[in-house]
Amino acid sequence: MTVTPTELPLTGEDTARSRDRLHVHRARGQNRRWLLLWLLAGPGILAMLGENDGPSMIAYTADGAQYGLAFFVPLIPVLFAMAYICQEMCMRVGAVTHRGYGALVLQRYGRAWGWFGAADLTLTNLVTLVAEFVSIRVGLAYFHLGSGIAVALGLALVVFTLSGGRYRRWERIALGLAVFNGLFLLAAILARPRGGTVVRSLAFVPPGGNVNTLLLLLASTVGATVTPWMIFFQQSASADKGMTARDVKHGRCDTAAGAALAAVFGGGALIAGAALLTGKGPGIQGFTGAGFPGALTHVAGSAAGTVFALGLIEAGAVAILTICASTAYAAGECAGVSHSFNSSPRNAAAFYAANIAIALLAAVVILIPGAPLLSIALNANVLATVLLPVSLVFMVMLANDTALMGPWVNKRWANAIGITVIAFVGLCGAAYGIDSFLQATHLIG
Amino acid sequence: MNDAHSSLGVPERDPRPAQRFDDEQVVHLERGQLVTETSRPVPRAALSARAAGGLWALRVFAALVSLMVMYTFIDQLR
């Protein structure tokens with residue numbers, strides 16, 4: 001269906017979006033496949049590489065340092081395949097309905113569910129954003145720069161990317177930064193994993209006496225691949241980008257490319273972490289003081305440490321952008337006000353304010369001296385894992401809603417995988433939550 | 001564009017004077033993508049009592065486990 005200016009009132013948001021769609025239409029008309037893919041890429045890659053954030057990369061490195069490669073190398077591709085299933089649904093629902101996740105849940109299932117979702121998101125996003133600033137701080141600390149610089153850098157980036165009043169500008173800046181997630185792969189190469197070491201680490205068996213730590217790492221690794229903010233972000237960004245049902249195929253390529261890149265780069269962090277593997281070495285908390293970059297420098301040389309530190313700065317920076325955006329989308333959608341990067345700050349004041357406010361709030365927290373850095377990073381992912389099943393259930397419900405999706409509803413196999421993912425994520429989060437609680441309250445040894 | 005707006009009596013939500021807009025661009029935007037369309041809420045879905053009960057059970061479970069995680073985190077800090 002197409003429209004002309006005389007048919008309906010148009011806003012500046014419509015104008016900006018239709019300009020981007022013009023390029024898509026021309027590329028499609030001229031059968032320029034690669035250009036079309038390039039124009040339609042963005043939300044999927046950003047959601048996946050945005051989730052290869054500071055806490056996630058620290059979790060992968062901690063996995064490698066603590067348990068080697070045996071347990072997690074096969075797990076990472078499985079987790080990202082799982083992430084693809086969830087994110088493809090988000091993209092599809094966003095492209096077909098042109099609406100964000102928060103708006104659809106609130107309108108379709110009631111205000112209570114919409115606001116619960118937004119509240120969960122805000123809580124997990126705030127904790128995760130603290131961890132993102134921590135990640136930048138850890139990276140900068142390697143270069144002897146302090147928390148103030150980390151805060152200034154993160155906030156300046158958020159304000160700078162918001163200044164253009166265009167979704168496309170914001171997306172391309174974020175994509176440009178996300179490319180540097182590949183630094184973790186470079187760090188793995190620079191760590192020069194020897195064949196023998198890799199083989200030995202593949203044979204490494206997690207120690208039986210430390211089930212809680214293993215559960216923490218497992219839950220945080222699951223939380224490192226799918227989180228509530230990714231669901232809100234990709235659906236809303238797909239709608240904001242102007243994707244339509246015709247673009248679903250390209251949206252799938254975008255999401256699959258993002259999942260593949262994230263798995264490879266996450267694997268890089270895992271291999272770099274495995275260079276620190278000693279079997280009886282320091283626990284993951286032992287790395288908190290010096291940080292992983294320093295530890296990697298000690299084991300594999302300064303180049304590996306420097307690249308890893310830069311990677312942590314990138315991971316934190318990109319995630320700050322995407323997580324702030326997901327918060328702002330959710331706030332705007334639930335409040336029923338304008339929520340688009342294509343709107344001007346004057347017309348989408350709440351959207352822009354939410355974007356900056358949550359970043360500011362998280363930045364203030366990391367300036368508190370003596371904050372337990374790694375513990376915050378790992379627990380941020382765990383909290384996201386625990387709250388994820390509720391978001392996923394609504395996602396599956398929306399993707400099965402014939403009235404909204406028409407012929408684009410989930411296939412049976414997608415539902416079967418979706419339900420399996422929900423059960424798996426729920427079990428991982430609950431296992432850690434309950435086990436650690438029982439230990440903390442000394443109800444079990 | 002302004003003429004179109006005034007003739008319909010609908011105020012423009014985001015008037016950016018520097019914006020150029022022509023028919024060629026507009027025809028590539030689906031009607032459902034326009035802000036005026038996405039601003040209209042979708043109809044409420046009817047949830048069965050069993051579905052609503054299941055959602056609330058999941059909600060309560062997630063909230064309880066979240067509280068456990070937060071308690072453990074705070075306990076670890078002490």
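Helices, at least four residues long, and strands, at least two, are DSSP runs, numbered from the N terminus. In this predicted model, the elements of chain B follow the order α-α-α-α from the N terminus on. Of the 78 residues in chain B, 19% are buried.

The largest nonpolar core contains 156 residues, and Cys86(A), Ala187(A), Ala272(A) and Leu296(A) have the most contacts inside it. H16(A) gives the most to this core, contributing 21 residues. Beyond its neighbours within four places in sequence, Cys86(A) is in contact with Val226(A), Ile231(A), Leu392(A), Met395(A) and Val421(A).

H16(A) also packs against helix H15 (residues 291-300) of chain A, at an angle of about 160° and with the axes 7 Å apart. Because angles over 145 degrees count as roughly antiparallel, H15(A) is roughly antiparallel to H16(A). The crossing of these two helices, H15(A) and H16(A), is right-handed. On the H15(A) side, the residues that meet H16(A) include Phe292(A), Leu296(A) and Ala300(A); on the H16(A) side, they include Ser302(A), Phe308(A) and Leu312(A). The residues of the contact between H15(A) and H16(A) comprise eight nonpolar, four polar and no charged.

How values were computed:
Residues numbered from 1 in each chain as written. Chains lettered and ligands numbered in written order. Predicted model: local features only at pLDDT ≥ 70, side-chain atom pairs only at ≥ 80, totals over all residues. Buried ≥ 20, exposed ≤ 12 C-beta atoms within 10 Å, placed from the backbone. Core = buried A, V, L, I, M, F, W, Y, C linked by C-beta atoms within 7 Å. Contact = placed C-beta atoms within 7 Å. Axes fitted to C-alpha atoms, helices over the stretch in contact; angles between N-to-C directions. Parallel < 35°, antiparallel > 145°, perpendicular 65-115°, else oblique. Left-handed = near helix turned anticlockwise from the far one by under 90°. Nonpolar A, V, L, I, M, F, W, Y, C, P; charged D, E, K, R; others polar.
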